[in-house]
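Visitor: Could you walk me through this model? I'd like the cut-offs as we go.

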Amino acid sequence: MILDSLGELRMLRGDLDEASEYLRRAVELANEQSNKWYSCQALRNFARCQIAMNANAEALVAARKALELAERIADRQAICESQLLLAESSLQSGDLDHCEASLRPVVEHTSDSESDLGLAGEAQRLQGLLAIARADPIAAVQHFGRSASIFDLLGDRYRSARAHYELGRAYALDSAGAGC
């Protein structure tokens, strides 16, 4: 588990190449030890790192593997997180339809429960990014606004700030399109 934690720390510090190596080793070690839960966690972190590095092909592969493993161990939270990662990596790869298809089950199966709020906020953020990719800044504003509200409620400063940044970007796109 230490390699996964080190990889996460390196990602937070922006050392993505080093983070990627730690996380790749964490996945290998978890697979050797047949620890499915830890392997799934490490795969999701590896996918996040690959997304941050714009390594779309590797991110898609890792997210798919994480989803398959999460489904095998029947971990609902891990399934939803993996679907969100698959959606984001599909979006970065330009596959908007696959992004939407990956988001749909998360949006449909999350509730207002405290345990699902983080998933709902992340799904809203990704729906906003998808709306921007589809040149719909008005829908993007709605999604980013919901995401920001959720993360503000949760007290998650990083994800709240990211949602507010994207909200501002969507407002700017909307204003530019309206000729303001």
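Guide: Buried means under 20% relative accessible area, exposed over 50%, and partly exposed in between (1.4 Å probe, protein chains only). This is a predicted model, where local features need pLDDT of at least 70, side-chain atom pairs count only at pLDDT 80 or more, and totals for chains, interfaces and linings use all residues. Residues are numbered from 1 along each chain as its sequence is written, and side-chain values use heavy atoms, with hydrogens and water left out.

Visitor: What share of the 180 residues is buried?
Guide: Take the under 20% cut-off for buried. Applied to the 180 residues of the protein, buried ones make up 48%.

Visitor: Is Ser20 buried or exposed?
Guide: Ser20 sits in helix α2, residues 16-32; helices (H or I, at least four residues) are DSSP runs, numbered from the N terminus. Its relative accessible area is 4%, so Ser20 is buried.

Visitor: Which side chain makes a polar contact with the side chain of Ser20?
Guide: Leaving out residues up to four places away in sequence, Ser20 touches Phe46, Cys49, Gln50 and Met53, where contact means heavy atoms within 4.5 Å. A polar contact is a pair of N or O atoms within 3.5 Å; within protein, one must be able to donate a hydrogen and the other to accept it, and residues adjacent in sequence count only if both atoms are side-chain atoms. At 2.9 Å, the partner is Gln50.

Visitor: And Leu6, is that one buried or partly exposed?
Guide: Leu6 belongs to helix α1, residues 2-12. With a relative accessible area of 31%, Leu6 is partly exposed.

Note on methods. Helices (H or I, at least four residues) and strands (E, at least two) are DSSP runs, numbered from the N terminus.
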